[in-house]
Amino acid sequence: MSRSALVGNVTAMLEDAGFLVSDRCAIRPKSFDVAARRGRDLLLLKILANVDAFDGATGLEMRRLGDYLNATPVVVGLRTRDEELEPGVVYFRHGVPVLSPDTAMELFVEGMSPLIYAAPGGLYVNIDGDVLRDEREERGWSLGRLAKELGVSRRTVSKYEDGMNASVEVALELEDMFEGDLTSPVDVLDGADEVREGEPTPEDPEPEDDDERIVTVLTRAGFEVHPTIRAPFKTVSEDNSSEENVLTGHSAFTKAAEKRARIMSSIGEVARTRSVYFVDEAKRESVDGTGLVEREELEDIDDPDELRDLIRERGEKPA
């Protein structure tokens, strides 16, 4: 299956599941392909045939964007170099959850969260330690007795009851032993923090030289500005006075810039943000809801409130 067909299939699946899906980010550089929202859940999705193409820099950018926009970054892919991705399993690459299309279908359409995640050493599940302890005590078994039945140390059983995750083999043995469900699902939509790679939230990148002026002006107007590296927009800027996010870009107003502004508008509709593009010269005030502000207008504004009002006026926030 071609990547384009895969993107189309995943997009159709999300729409069938009730998600509002943005236009595809058919420009470079880009860290994600589409944004999708259903209720409070906002996803930033990278869709790949081979997930080995998902590199560390893209993972860092997706995690940053997830933090800026209160979104969950997700990769949907078919395979690695060595094998197909298993259905019902969450993988992790550079701190981002990775799902096969079948797993994504189960999660987003059928509402079935995966129970298994891949980590160095094999496949693991979350053991509900409280349930395990209750089952053991109901049988009158000591930690030592259960450890002997499992063929592990008493300390290992104690760790299971304290919340340590177990291999799939151990989990199946426990469930067979106690004739009940002892596992809990991986909460992908909350970022799967309990099983993700132990990496801190990435720091903001430094703005590029040609971005510094825009960053300075927005910061002076009271925005908290987060530069991006691999996104269809140059910054995600939070208006501290209203807690609204604004996607911004800037360049000469070319055909490429107009295309970028349209994509920003589509993403903004899904992410519920405003979007504004700063240009050298414009003959209109917006592109599909992305406001256009000339640099000369920007330079003439001294009052931060006036700039915020202009951005709100031009960058029409989607309903």
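**Notebook: contacts, helices and loops**

I began with R314, which touches E285, S286, G289, T290, G291, L292, V293 and E297, leaving aside residues up to four places away in sequence. Contact here means heavy atoms within 4.5 Å. I then looked up where R314 sits, and found R314 in helix α11, residues 304–314. Helices are DSSP runs of H or I with at least four residues, strands are runs of E with at least two, and both are numbered from the N terminus. R314 counts as buried, at 11% relative accessibility. Buried means under 20% relative accessible area, exposed means over 50%, and partly exposed lies in between, with a 1.4 Å probe and protein chains only.

I noted the basis of the values before going on. The model is predicted, so local features need pLDDT of at least 70 and side-chain atom pairs count only at pLDDT 80 or more, while totals for chains, interfaces and linings use all residues. Residues are numbered from 1 along each chain as its sequence is written, and side-chain values use heavy atoms, with hydrogens and water left out.

**Entry: the whole protein**

I looked up the overall numbers. The protein has 11 helices and 16 strands. Its C-alpha trace spans about 80 × 40 × 35 Å along the principal axes. Of the 319 residues, 50% count as buried. I also checked how far apart in sequence the contacts reach. Among contacts with a separation of 6 or more, 59% are between residues 24 or more positions apart.

**Entry: after α11**

I followed the chain past α11 to E316, which lies in the segment after that helix. Is E316 buried or exposed? E316 counts as exposed, at 58% relative accessibility. Not counting residues up to four places away in sequence, E316 touches R274 and G289. G289 is also one of the residues that R314 touches. I then looked up the distance from E316 to S265: the two are 51 residues apart in sequence, and their C-alpha atoms are 9.2 Å apart in space.

I listed the buried residues of α9: A257, E258, A261, I263, M264, S265, S266, I267, G268, V270 and A271. As a reminder, an α-helix has 3.6 residues a turn, so residues three or four places apart point the same way.

R272 follows α9 and is found in the loop between α9 and β14 (274–279). R272 has a positive phi of about 60 degrees although it is not a glycine. It is partly exposed, with a relative accessible area of 44%.

**Entry: N70**

I looked up N70, which is not a glycine but has a positive phi of about 55 degrees. Where is N70 placed? N70 is in the loop between α2 (56–69) and β4 (72–79). N70 counts as exposed, at 65% relative accessibility.

**Entry: C25**

I next looked at C25, in the loop between β1 (20–21) and β2 (34–38). C25 is buried, with a relative accessible area of 0%. Leaving out residues up to four places away in sequence, C25 touches K30, F32, D33, P232, I263 and I267. Of these, I263 and I267 are listed among the buried residues of α9. The C-alpha atoms of C25 and A35 are separated by 9.1 Å, and the two residues are 10 apart along the chain.

**Entry: two helix pairs**

I took α1 (residues 3–16) and α3 (residues 101–108) as a pair: their axes come within 10 Å and cross at roughly 15 degrees. Axes are lines fitted to C-alpha atoms, for helices over the stretch in contact, and angles run from 0 to 180 degrees between N-to-C directions. The crossing angle makes α1 roughly parallel to α3. Angles under 35 degrees count as roughly parallel, over 145 as roughly antiparallel, 65 to 115 as roughly perpendicular and the rest as oblique. L6, M13 and L14 of α1 make the contact with P101, A104, M105 and F108 of α3. These residues divide into seven nonpolar, no polar and no charged. Nonpolar covers Ala, Val, Leu, Ile, Met, Phe, Trp, Tyr, Cys and Pro, charged covers Asp, Glu, Lys and Arg, and the others, Gly among them, are polar.

I then looked up α5 (residues 143–150) and α6 (residues 154–161), which pack at an angle of about 105 degrees with their axes 8 Å apart. These two helices are therefore roughly perpendicular to each other.
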